[in-house]
Amino acid sequence: MSGLNSTVLIGRVATDIGLNYFKSKKGDQTAVTNILVAVPSSRPDKDGKDSAVFIPVTIFGKQAELTAEYVDKGQQVAVEGRITVDEWEKDGEKRKRLKVTAERVTFLGKPMGNKDENRAGRINQEEEAPF
């Protein structure tokens, strides 16, 4: 069976970013962060106002560490990745959720309403990004 599982999102980070570590199958620690990316909807809401779709994104490894360090809530990002499914059981009921697993995250600008220095721009001055 042939197919393509690829997605590109451009939107604003809608959550505060936290960083966690878990033990990988190799036994080392791997960084992970989960964010929601607000992507403008092509349709207005019932009141005629612009609306957004909130898409969960999981980021692993060095990308997760850099995202947690340099990206703030409200900042615009581009995410390239693939659609995956989370499955779990809660109160005896099986649940599923689609999400995007990031392969690349590009920091596009300042958080909305933030007049501070653009932290995303510092990555090019201080260190070379591994992506």
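Is Asp91 exposed or buried, and what is its relative accessible area? Asp91 is exposed, at a relative accessible area of 76%. The legends below describe a predicted model.

**Figure 1. Overview of the chain, with 2 helices and 6 strands.** Read from the N terminus, the order of elements is β-β-β-β-α-β-β-α. The chain has 131 residues, and 32% of them are buried. Its accessible surface amounts to about 9100 Å², with 46% of that area on carbon and sulfur atoms. Among contacts with a separation of 6 or more, 61% join residues 24 or more positions apart.

Figure 2. Most residues other than glycine have a negative phi. Asp91 has a positive phi of about 55°, although this residue is not a glycine. With a relative accessible area of 76%, the Asp91 residue counts as exposed.

**Figure 3. Close-up of the salt bridge between Arg82 and Glu103.** The closest N and O atoms of the two residues are 3.5 Å apart. Arg82 belongs to strand β5 (residues 75-90) and Glu103 to strand β6 (residues 93-111), so this pair ties together parts that are 21 residues apart in sequence. Arg82 is partly exposed, with 34% relative accessibility. Glu103 has a relative accessible area of 52% and is exposed; the cut-off for that class is over 50%.

**Figure 4. Close-up of the salt-bridge network of Asp86, Arg97 and Lys99.** Side chains of opposite charge can pair when their charged atoms come close. Arg97 and Asp86 form a salt bridge with an N to O distance of 3.1 Å. Because Arg97 lies in strand β6 and Asp86 in strand β5, this bridge ties together parts that are 11 residues apart in sequence. A salt bridge also joins Lys99 to Asp86, and here the closest N and O atoms are 3.2 Å apart. This second pair links distant parts of the chain, with Lys99 in strand β6 and Asp86 in strand β5, 13 residues apart.

**Figure 5. Accessibility of the network residues Asp86, Arg97 and Lys99.** Asp86 has a relative accessible area of 22% and is partly exposed. Arg97 is partly exposed at 36% relative accessibility. Lys99, at 11% relative accessibility, counts as buried, since the cut-off for buried is under 20%.

**Figure 6. Close-up of the largest nonpolar core, which has 20 residues.** Which residues of this core touch the most other members? They are Val57, Val77 and Val79. At least two core residues come from each of β1 (7-13), β3 (29-40), β4 (52-60), α1 (61-70), β5 and β6.

**Figure 7. Close-up of the contacts of Val79.** Leaving aside residues up to four places away in sequence, Val79 touches Thr7, Val8, Leu9, Val37, Val57, Val100, Ala102 and Arg104. Val57, one of these partners, is also named with Val79 and Val77 among the core residues that touch the most other members.

Notes
Residues numbered from 1 in each chain as written. Predicted model: local features only at pLDDT ≥ 70, side-chain atom pairs only at ≥ 80, totals over all residues. Heavy atoms only, no water. Helix = DSSP H or I, 4+ residues; strand = E, 2+ residues; numbered from the N terminus. Buried < 20%, exposed > 50% of the residue type's maximum accessible area, 1.4 Å probe, protein only. Contact = heavy atoms within 4.5 Å. Areas by Shrake-Rupley, 256 points an atom, 1.4 Å probe, with all protein chains shown as cover. Salt bridge = Lys/Arg side-chain N within 4 Å of Asp/Glu carboxyl O. Core = buried A, V, L, I, M, F, W, Y, C linked by side-chain atoms within 4.5 Å.
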